[in-house]
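User: I'd like to go through the labels on this model and hear what backs each of them. Can you walk me through it?

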Amino acid sequence: MAFRVGVLISGEGSNLQAILDSQHGREGVEVVGVASSRAGVRGLERARAAGVDAEVFERAGYPDREARDAALGNWLDDRDVDLVVLAGFMEILGGPFIRRFEGRIVNVHPSLLPAFPGLRAIEQALDYGVQVMGVTIHFVDEGVDSGPVILQEPFELPYARDIEAIERRVHEIEHRLLPQAVALIASGAVSLAPGNPRVVRSGDRDR
Ligand code: GRF
């Protein structure tokens with residue numbers, strides 16, 4: 001039986017595309033739905049082009065965030081998702097949603113967490129003057145970018161800081177790391193270390 005993945009987006013959807021290209025319909029992984037917090041974004045077109053159900057869950061369409069989260073959760077449960085992937089999803093999901101899908105939500109964040117959580121992580125890192133940056137894939141808990149780390153990859157910053165070049169480098173890493181994390185979870189190669197719920201064992205890294 002396929003490992004069923006729901007992907008949440010807010011915009012361009014290049015990380016969604018990476019999952020569609022490298023995972024969807026392969027190795028038992030099926031993207032069964034794409035939900036966007038914004039209408040009219042490119043990521044929705046990418047989903048439909050791949051023949052994947054796509055739906056918009058705009059906060060403004062519901063009385064409050066809890067109602068939006070509940071509708072989104074129902075939509076994902078209707079599709080029987082095994083994993084929810086936040087791929088550039090730019091909104092906070094409330095506690096009830098996180099608990100509903102506990103241990104089954106992953107996020108991609110453009111920093112080496114716990115450094116620079118939250119919005120504008122690349123700008124935060126540049127303002128701080130770091131010499132090493134990176135990308136983190138982590139499980140989502142009820143804090144902001146605070147869940148257990150699944151995969152991380154660092155890179156060194158050139159002295160000349162061209163933000164567009166840095167964003168391209170971040171994306172190149174994200175587009176490899178996020179599908180890799182999905183594949184590891186789908187294959188059952190990811191587990192929490194016995195006795196330490198912060199430490200994720202993934203793939204052959206811990207052998
Ligand atoms: C990614 O860089 C992600 O790290 C950040 O938002 C961006 C989303 O890009 N949170 P895309 O929509 O996947 O192209």
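User: Why is Ser36 called buried?

Analyst: Ser36 has 1% relative accessibility, and buried means under 20% relative accessible area, with exposed over 50% and partly exposed in between (1.4 Å probe, protein chains only). So Ser36 counts as buried. Ser36 belongs to strand 2 (residues 29-36); helices (H or I, at least four residues) and strands (E, at least two) are DSSP runs, numbered from the N terminus.

Before we go on: this is a predicted model, where local features need pLDDT of at least 70 and side-chain atom pairs count only at pLDDT 80 or more, while totals for chains, interfaces and linings use all residues. Residues are numbered from 1 along each chain as its sequence is written, and side-chain values use heavy atoms, leaving out hydrogens and water.

User: What does the side chain of Ser36 reach?

Analyst: The backbone oxygen of Arg38, at 2.5 Å. A polar contact is a pair of N or O atoms within 3.5 Å; within protein, one must be able to donate a hydrogen and the other to accept it, and residues adjacent in sequence count only if both atoms are side-chain atoms.

User: Which residues surround the ligand?

Analyst: Glu12, Gly13, Ser14, Asn15, Gly88, Val108, Pro110, His171 and Glu174 do, where near means a heavy atom within 4 Å. For His171, a side-chain N or O atom is 3.3 Å from an oxygen atom of the ligand.

User: Which elements give two or more residues to that shell?

Analyst: Helix 1 (14-22) and helix 6 (163-186).

User: What is the phi of Phe116, and of Arg120?

Analyst: Phe116 has a positive phi of about 55° without being a glycine; Arg120 has a positive phi of about 55° and isn't a glycine either. Most residues other than glycine have a negative phi, and most peptide bonds are trans.

User: Where is the cis peptide bond?

Analyst: The cis bond joins Leu113 and Pro114, with omega about 15°. Pro114 sits in the loop between strand 5 (105-109) and helix 5 (121-128).
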